[in-house]
Amino acid sequence: MSDRREQELDRLCGVLARVDDRHSDLGRSRAEARLRKALRTAVSRRPISALTGASTLAVALATIVIIVRPSPIPDAVAPATALALRPYVVAPTTGGIASFVQGIADGASLDVPDGWLVRASVNDGITVGAVGPARVSVTGTAREPELRVDRGRWLVEVTPNRGIHLRISTPTFAVAVIGTLFSVDASEVAVRHGRVRVSAPGGTTEIDGGFRWRASASTTLEPLDDESAAALDAHAAASSPSAGAVTVAIVGEPAGAEIWQDARRLAVTPASLRLAAGTRLALTAPGRARATIVVPATRTTIAYSLAADDAADVTRLRASRQRPTPSTTPASRPAAAPTPRDLYRDADRALAAGDRDGARAALRSVLSVGGDDTLMDAARLDLANLALESGDRAAARRYLDEVRGDAVAEPAARLRCRVAVASFDRNAADCFAAFRARFPASPHAAEAMAEEAVTRADQNDCARALPLLDNAASLSLPADLRDAVHARLSRCRSSRTSDGQ
Amino acid sequence: MTAVPAPKLPAASDDETLVAAARTGDHDAFAELFRRHADQVRARITRIVGPVAERDDLIQQTFLRLYQSLRDYRGACALPTFLHRITVTTALDHLRSARRRLTEPLPDEALDPLLAVEINETARAQAREDLRALFFALGQLSPKKRVAFLVVAVEGMSLTEAADVVGASAATVKQRVLAARRELVDLLAKAEVAHV
């Protein structure tokens with residue numbers, strides 16, 4: 001009898017040994033983003049040595065206008081107090097709003113208007129965020145702060161092991177927190193990591209990470225929904241500033257430009273951001289040149305104007321399906337030999353007119369004239385796109401291999417994966433996975449996931465394709481890609497059903 | 001117009017190169033190490049602590065400890081071995097601090113992600129029951145016995161290797177493994193009686 005039980009234990013150990021609890025690709029990317037944030041926090045006390053002085057304040061491209069001046073517009077950041085809500089991101093959820101909203105924060109409370117995103121820190125160790133309409137206020141002490149949620153859904157992150165005992169109250173229940181990432185509104189609490197304790201009239205419930213509690217069904221927990229998980233991960237990935245942070249207001253034309261830090265999109269303009277001095281940001285907008293700015297040491301407004309007709313319009317290259325509108329004003333051509341910029345502009349016009357041969361010739365001329373690394377990389381990317389379109393995969397690969405800088409690194413990496421698909425490369429799906437890991441905040445991450453899913457399904461790897469296809473089916477995708485996802489989803493589901501029978 | 005420097009890392013850096021770069025504060029290099037080893041760390045943590053919600057935090061804690069230990073890592077053992085030690089220590093610390101035993105069987109939702117996608121529904125149901133029973137029994141052991149048993153009986157380490165990983169002598173590890181086996185056999189027998 002005892003031998004039989006020993007054998008049974010060995011069999012169970014064998015089952016456990018076969019457990020292969022891998023991250024999903026999205027999960028790994030999220031975990032990496034959290035880790036990067038934790039690493040930044042770990043080293044943030046070190047002096048920043050990478051600054052090269054005031055001359056690096058702005059200007060990546062000659063045609064971009066960056067003006068730095070003392071802030072003439074109301075600053076949304078509250079003055080420092082012993083316990084205060086200090087916004088570090090204030091931005092509209094969609095671009096195009098031309099003026100800032102005043103009175104968002106008064107130190108003790110935050111009132112987020114409809115359509116605006118605000119993220120704020122509460123001293124060191126707590127960050128909160130909400131999309132308006134939302135309102136929260138803070139009382140208590142630095143060690144035992146209390147947040148009162150008056151309106152809206154609030155995302156909260158508490159750094160563990162700091163001795164902070166946060167309490168959150170809503171009109172119907174209270175939440176006690178030790179260290180965690182969760183969201184709360186008047187009707188529910190959703191926990192991503194850690195544990196919270198909810199006290200409601202019906203009793204006290206402890207909620208672990210991965211679960212959601214509703215006031216209307218206070219005795220049962222539900223699994224955390226994907227939407228809440230994604231919102232909380234995005235909140236955690238938006239790092240709060242260190243103690244030496246300054247506020248910069250970023251305004252200009254066009255409104256709605258994206259503000260990027262490394263591969264992470266922080267906000268769209270106009271925005272007020274609280275960031276460490278020396279942080280390098282990039283501004284991008286469709287059809288406009290990219291600009292780089294460095295956060296200065298004092299509070300300022302940075303006014304930008306992204307040139308619309310710049311030759312280094314890498315944004316256009318990032319979306320090869322969308323061809324640019326031809327310029328309505330004829331470009332002035334210098335009497336001397338054409339510059340690389342002139343040639344690139346010629347290529348642009350040729351592409352817009354559907355003249356691929358003309359575009360190719362102009363782009364090759366850009367390369368032969370040389371002298372502008374970013375422009376040459378943009379030309380190589382265009383040529384690679386054209387080569388792939390015409391079925392010349394070897395040429396596409398050759399041009400991509402010649403891309404040197406990282407101004408077009410993201411579209412080049414994705415195009416490389418498409419070339420791999422066209423070449424029936426066995427590693428094509430892994431290429432998309434690597435792309436998503438390298439550019440987790442890419443505006444094309446969703447499309448890359450869908451492309452990976454379709455590629456895996458086409459490689460008869462439905463086991464790995466299915467979770468991605470399920471995910472991709474819920475996303476907004478271009479019509480052809482959406483159709484491809486749905487076709488593979490049906491096929492993989494039916495093959496799973498037949499395997500299971 | 002300024003050209004941006006090309007990415008610093010070569011396409012196929014080995015662990016040693018990445019460790020050297022990470023020691024200088026290169027977060028991209030450390031992120032690459034994370035991508036390479038995260039799945040293995042996750043699988044190990046799950047086997048030791050079970051499919052608990054905190055395991056994402058434990059994985060992050062493991063890699064933060066690795067980052068802080070890189071200065072002390074001299075390459076005397078391979079990085080995966082070094083990382084394994086940190087993983088086990090992190091999991092052990094969690095089991096000690098949790099100080100609570102599993103009182104309810106794990107739900108299907110917690111177990112399903114651990115099962116291979118390609119197996120049929122009957123096999124899935126059996127695997128679920130097996131894991132549920134084993135995790136429940138493991139949850140009744142002391143953290144030290146649990147970890148010693150798992151690294152030897154499930155991960156297949158020798159007593160010497162396990163001793164190195166858990167930071168105890170081989171003789172101590174052996175005692176813990178034998179004691180854990182006895183307790184597990186008893187617990188499974190009780191569970192069997194309860195079912196009957």
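Guide: Take contacts in chain A between residues at least 6 apart in sequence: 53% of them join residues at least 24 apart. This is a predicted model. Chain A holds 13 helices and 23 strands. It has 501 residues, and 44% of them count as buried.

Start with a sheet. Four strands of chain A form it, in the order S19-S18-S21-S22. The sheet is open, and its pairing is antiparallel. Look at the edges next. Strand S19 (264-268) and strand S22 (291-294) of chain A stand there. Each has a single partner strand, so one side of each is left without a neighbour in the sheet. From one strand to the next, the twist averages 30 degrees.

Now zoom in on one pair in that sheet. Strand S21 of chain A covers residues 280-284, and four bridges join it to S22(A). The two run antiparallel. Find Leu281(A): it stands opposite Ile293(A), which belongs to S22(A).

Move on to the helices. Helix H5 of chain A spans residues 340-352, and helix H7 of chain A spans residues 373-389. Their axes come within 11 Å and cross at roughly 25 degrees. An angle under 35 degrees counts as roughly parallel. That is why H5(A) is described as roughly parallel to H7(A). The crossing of H5(A) past H7(A) is left-handed. Which residues make the contact? From H5(A) come Pro340(A), Arg341(A), Tyr344(A) and Ala347(A). From H7(A) come Leu375(A), Ala379(A) and Asp382(A). Sorted by class, this contact has five nonpolar and two charged residues, with no polar ones.

Go further along the chain. Helix H9 (residues 409-422) and helix H10 (residues 428-438) of chain A pack with their axes 8 Å apart. The angle here is about 170 degrees. Angles over 145 degrees count as roughly antiparallel. Therefore H9(A) is roughly antiparallel to H10(A). On the H9(A) side, look for Ala413(A), Arg414(A), Arg416(A), Cys417(A), Ala420(A) and Val421(A). They meet Ala428(A), Cys431(A), Phe432(A), Phe435(A) and Arg438(A) in H10(A). The contact of H9(A) with H10(A) has eight nonpolar residues and three charged ones, and again no polar residue.

The axes of helix H11 (residues 445-458) and helix H12 (residues 462-473) of chain A come within 8 Å. They cross at roughly 145 degrees, and the crossing is left-handed. H11(A) brings Met449(A), Ala450(A), Glu452(A), Ala453(A), Arg456(A) and Ala457(A) to the meeting. H12(A) brings Cys462(A), Arg464(A), Ala465(A), Leu468(A), Leu469(A), Asn471(A) and Ala472(A). By class, the residues of this contact divide into nine nonpolar, one polar and three charged.

44 residues of chain A are in contact with 46 residues of chain B. Several helices of chain B each supply at least two residues to the side that touches chain A: H2 (27-49), H3 (55-69), H6 (121-138), H7 (143-154) and H9 (170-195). H2(B) gives the largest share of that side, 11 residues. By class, the side of chain B that touches chain A has 28 nonpolar, six polar and 12 charged residues.

Conventions. Residues numbered from 1 in each chain as written. Chains lettered and ligands numbered in written order. Predicted model: local features only at pLDDT ≥ 70, side-chain atom pairs only at ≥ 80, totals over all residues. Contact = placed C-beta atoms within 7 Å. Nonpolar A, V, L, I, M, F, W, Y, C, P; charged D, E, K, R; others polar. Axes fitted to C-alpha atoms, helices over the stretch in contact; angles between N-to-C directions. Parallel < 35°, antiparallel > 145°, perpendicular 65-115°, else oblique. Left-handed = near helix turned anticlockwise from the far one by under 90°. Pairing = 2+ DSSP bridges. Buried ≥ 20, exposed ≤ 12 C-beta atoms within 10 Å, placed from the backbone.
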